[in-house]
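Subject: Structure handover

Hello,

Here is the structure for your files. Please load it before reading on.

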Amino acid sequence: MADYYGQPQHTQHQFFHGGQQPRSHQMVKAATAVTAGGSLLLLSGLTLAATVIALTIATPVLVIFSPVIVPAVITLFLLFSGFLASGGFGVAAVSVLSWIYRYVTGKRPPGADQLEQARHKLATKAGEMKDKAQEFGQQHITGTHQT
């Protein structure tokens, strides 16, 4: 078992000629890279040309209709943003109300333990502050300072 994991494993075509890959394998890799790179470069050029042509055609239309289009787009953006925000706030409110209902009915929703710990810490600190305030009040009334 130790020999199995201790020895490096080589596949059949991983190393040839002192760690070098055969020249035919390198040529296939290069041909594949050139083909893929050339295809992507051609697609990039075609996309750029189509964008320039579409922009050239659309610019006069946009300039003519811009007094109508710009306010319409702004209005639609605000309208959809408002509906999206309203829906998000509604979902959040329903989630919070559902969590509160489960907490009040004793079903222990996620996060209830953290809430109980925080409530306990706040109550403890409030009690400490009350004791300190009473102590300070007693010192102030008697006029003595205890250190």
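My notes on the model follow, from the overall fold down to single contacts.

**Ground rules**

This is a predicted model, so to speak: local features need pLDDT of at least 70, side-chain atom pairs count only at pLDDT 80 or more, and totals for chains, interfaces and linings use all residues. Residues are numbered from 1 along each chain as its sequence is written, and side-chain values use heavy atoms, with hydrogens and water left out.

**Confidence**

Among the elements, helix α1 (residues 2-6) has the lowest mean, 53. Helix α2 has the highest, 92.

**Fold and surface**

The chain has three helices and zero strands. Both kinds of element are DSSP runs, numbered from the N terminus: helices are H or I with at least four residues, strands are E with at least two. The order from the N terminus is α-α-α.

The chain has 147 residues, and 2% of them count as buried. Buried means under 20% relative accessible area, exposed means over 50%, and partly exposed lies in between (1.4 Å probe, protein chains only). The accessible surface is about 13200 Å². Carbon and sulfur atoms account for 71% of that surface. Areas come from the Shrake-Rupley method with a 1.4 Å probe; for residues, only the protein chains shown count as cover.

**Helix α2 and the record**

An unreviewed UniProt entry places the feature "transmembrane region" at residues 33-62 and 68-101. UniProt positions are given in the numbering used here, feature names are shortened, and annotations may be inferred rather than shown by experiment. In the model, residues 33-62 are 100% helix and 0% strand. The end C-alpha atoms of that span lie 41 Å apart. Residues 68-101 are also 100% helix and 0% strand. There the end C-alpha atoms are 49 Å apart.

A nonpolar surface patch is formed by Val 61, Leu 62, Ile 64, Phe 65, Val 68, Ile 69 and Val 73. Together these residues have about 640 Å² of accessible area. Patches are made of residues with over 30% relative accessible area and no salt bridge; like charges are joined within 9 Å, and nonpolar side chains (Val, Leu, Ile, Met, Phe, Trp, Tyr) within 5 Å. Phe 65 is found in helix α2. Its relative accessible area is 44%, so Phe 65 is partly exposed.

**The aromatic pair**

The structure holds one aromatic pair. The ring centres of Trp 99 and Tyr 103 are 5.3 Å apart and the planes are at 5 degrees, so the pair is stacked. The rule takes rings of Phe, Tyr and Trp (its six-membered ring) with centres within 6.5 Å; planes under 30 degrees apart count as stacked, over 60 as edge-to-face and the rest as tilted. Trp 99 and Tyr 103 are four residues apart in helix α2 (residues 23-104), so about one helical turn separates them. Trp 99 is partly exposed at 23% relative accessibility. Tyr 103 is partly exposed at 24%.

**Salt bridges**

How many salt bridges does the rule give? The count is three. A salt bridge is a side-chain nitrogen of Lys or Arg within 4 Å of a carboxyl oxygen of Asp or Glu.

- Arg 108 with Asp 113: the closest N and O atoms are 2.6 Å apart. Arg 108 is partly exposed at 47%, and Asp 113 is partly exposed at 49%.
- Arg 119 with Glu 116: the closest N and O atoms are 3.0 Å apart. Both lie in helix α3 (residues 112-142), three residues apart, about one turn of the helix. Arg 119 is exposed at 51%, while Glu 116 is partly exposed at 24%.
- Lys 125 with Glu 128: N to O is 3.7 Å. Both lie in helix α3, three residues apart, about one turn. Lys 125 is exposed at 53%, while Glu 128 is partly exposed at 35%.

**One backbone angle**

Arg 108 comes up again here. This residue is found in the loop between α2 and α3. Most residues other than glycine have a negative phi.

Best regards

Terms used: pLDDT is the predictor's confidence in each residue, from 0 to 100.
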